[in-house]
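User: Please take me through this model in short questions and answers. I want cut-offs stated with each term.

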Amino acid sequence: MANLKELTHREDRLEGGHRLCAGCGASIAVRQVLLGAGTEPVVVGCATGCLEVSTTIYPYSSWKTPFIHNAFENSAATVSGVEAAFKGLQRAGKIPTDKKVKFVAFGGDGGTYDIGLQSLSGAMERGHDMVYVCYDNGAYMNTGIQRSSATPKGAWATTAEVGVAQQGKTQRRKDLTQIMAAHDIPYVAQASISHWKDLTDKAAKAFAVDGPAFINVFAPCPRGWRIAFDSTVEIAKIAVQTGYWPLYEVEDGVWRQTVKVANKKPVIEFLKPQGRFKHLFKPENAELLAEIQTDVDRQWDALQRRFSCS
Amino acid sequence: MPTQKTIAATGNAVVAEALRQCSPDVMAAYPITPQTTIVEEFAGFVAKGRVHTEYVTTESEHSAMSACIGASAAGARVVTATSSQGLALMWEELHIASGMRLPIVMANANRALSAPINIHCDHSDIMGARDTGWIILFAETAQEAYDNTLMSMRIAENPEVLLPVMTCLDGFITTHSIDRVEIMDDESVADFVGEYTPVNALLDLENPVSHGNFAGLGGPFFEFKKAQREAIERSRKVITDVAAEYSVLSGRPFGMVETWGMEDADVAVVVIGSTAGNARHVARQLRADGVKAGVVKVRCFRPFPFAEIAEALSGVKAVAVLDRAESFGAEGGPLFLEVRSALYDSSERIPVVNYIYGLGGSDVRLELIETVFKDLSDIAAGEEAPAGLVYLGSR
């Protein structure tokens, strides 16, 4: 695995000058993943969303590598087609058989957990040699902070409002990483932009496997989370330290925690700095807050059992 | 000249054969009745090693077309096939395929759209996709389905066009009936179809390009759409040229509009697909009785052959347009709207009657076509044309 010095010598495939917000977690995720891809050519696909609209405003493109955007729900299917073309063209003798090319699809949590779940599941099951990366910022940020199935319970969103009858999102979030692990593909990982070495190593592994790989990257959105633009990395780190976002990988069915957390911090340390959770700190919502901690603990313990069984 | 072999086969079998002969790099498809035997036949070619094609068996038609788009943008020759609900599920992607100017070739087994659910032929699926920017060809027979498929590849990939092409054949009637078909040898097809040279391919790694960029916020979206219209207009000549070349090879001519008995017809039926055979049969019988009956068959629906239709119908005293699809709330079915519009610039005021027929596979018996010609003869003799559309053969 490449060290920091080596990574600094690699060319950025996502050029600066794009129109993403200051402090956006998505571009950090993309840069780290593509640094981890190594030096072989990479074809990038991207779902409709912040990352896509902000990096490809015609006639400009921030991508110094072949890039395709098709629609919202189908970046996995689209990239599976690109990968199929590579194989077909190799068989046709139009691309040398020893040529190596990597394929990666990016999507936000809306495009991955929700509308693109079927497309992703299909592409992974079919065994395409591609990596799918979800940058999870926990809501539909491009359209204005609407709730997704990745939005945490209790979070405010513009379609999960806070009022006398409701305190933000009433449902728990979906555990997509475990759903992808259940596909029994060669490599699945959960990572965070705050742990760059862990993320680039996971990306390197994902690109190296022969077959499909999936990485779920925690990528805070300052705008949607109501945090300062310079606190993106810090809040992501706290998510890991509180056990809200455990860092692990599932390699050929073996579950392994990649960043150990000796003493989990209380989840309120993750919730408190974020404006989207501020209503939870009213006295009348104490029970809801306690419930969120219970959920984190229960999910954490379940995951620990997976690690110890492996 | 090519060696042609006469075989007995279903429409679907010869479409699959034509797709194989086009030597696609990728086929991404999802099974749906009555398209299924196309993808099954093709799976057989893959298993037997008869194609180099990467065959992607997607989990839905939406993903099938999405994968086709990715593969075509990558620089591959790409084919697929679908029907009905599958075509409807692809709808979003149909626009993206044409908007990204990707020369994908797709067979559609024409089948009614739900609800109620129905598996039989009508044209509601394809007519729902008529404004998606695809070139749309229709086949009457298995032979035409075969011929159209081979020509589609050339039309789609022509640098003046670069648009996706759909070749449509009637569900069960043409897809599943065993017909007499002349098949060309592989080498002649390969020579005719030629090599595909993609432009701006994703897999041209030395020259990275971005596909599917954002053209909003005052960007040139409008201009892209205008360029798309220009491309489909240019396809008229390309279709004609490709068909002329194909006709020399195969001995089978293709016209965007094909006419029977129209040289001196008093009454004419305009029709799409397999029903054209019934219409010709009845017209031939009526001719024996002294009725100057004619048939106009539309083989290319997009781009629509306005001039050819107007010319074919010139001098006719009454016209019936047979629609195998509804356009609820419109003045008539989709073909009727086009045909009557095509006649608007004509100095003649030809009465045009719209018949909706055969929805959900409802039988198109010869007596029904006879009643249409009878109505037309009455109108030609001075009787008033029926107001509004006529349902043909509904209970």
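Predicted model: local features only at pLDDT ≥ 70, side-chain atom pairs only at ≥ 80, totals over all residues.

Analyst: Residues are numbered from 1 along each chain as its sequence is written, while chains are lettered from A and ligands numbered from 1 in the order in which they are written.

User: What radius of gyration does chain B have?

Analyst: The radius is taken over C-alpha atoms, and the globule rule is 2.2 Å times the number of residues to the power 0.38. For 395 residues that rule gives 21 Å, and chain B comes close to it, so it is as compact as a globular protein of that length. The radius of gyration of chain B is 21 Å.

User: What percentage of chain B counts as buried?

Analyst: Buried means 20 or more other C-beta atoms within 10 Å of the residue's own; 12 or fewer means exposed, anything in between partly exposed, with C-beta atoms placed from the backbone. Chain B has 395 residues, and the buried share is 56%.

User: Which strands stand at the edges of the 6-stranded open sheet of chain B?

Analyst: Helices (H or I, at least four residues) and strands (E, at least two) are DSSP runs, numbered from the N terminus. Two strands pair if DSSP finds at least two bridges between them. The order is S10-S12-S11-S14-S15-S16, with mixed pairing. Those that pair on one side only are S10(B) (257-260) and S16(B) (390-392).

User: How many residues of S15(B) are buried?

Analyst: In a regular strand the side chains alternate between the two faces of the sheet. On S15(B), one side carries Val352(B), Asn354(B) and Ile356(B), the other Val353(B), Tyr355(B) and Tyr357(B), and both faces are covered. S15(B) (352-357) is largely enclosed by the rest of the structure, because its buried residues number 6 of the 6.

User: Which residue of S15(B) is the bridge partner of Val319(B)?

Analyst: S14(B) (318-323) and S15(B) run parallel, joined by 5 bridges. In S15(B), Val319(B) has as its bridge partner Val352(B).

User: How are H7(B) and H8(B) oriented to each other, roughly parallel or roughly antiparallel?

Analyst: Axes are lines fitted to C-alpha atoms, for helices over the stretch in contact, and angles run from 0 to 180 degrees between N-to-C directions. Angles under 35 degrees count as roughly parallel, over 145 as roughly antiparallel, 65 to 115 as roughly perpendicular and the rest as oblique. H7(B) (142-157) and H8(B) (186-193) pack at about 30°, with axes 9 Å apart. The pair is therefore roughly parallel.

User: Which helix supplies the largest share of the side of chain A that touches chain B?

Analyst: Contact means C-beta atoms, placed from the backbone, within 7 Å. By that test, 39 residues of chain A meet 38 of chain B. S1(A) (42-46), S2(A) (67-69), H4(A) (75-91) and H6(A) (117-125) each give at least two residues to chain A's side. The largest share, 13 residues, belongs to H4(A).

User: Which strand of chain B is part of the 9-stranded open sheet?

Analyst: The order is S8(A)-S7(A)-S5(A)-S6(A)-S4(A)-S3(A)-S1(A)-S2(A)-S9(B), with mixed pairing. S2(A) pairs in the parallel sense over 2 bridges with the strand at residues 210-211 of chain B. There, Phe67(A) stands opposite Ser210(B). The strand of chain B in this sheet is S9(B).

Conventions. Contact = placed C-beta atoms within 7 Å.
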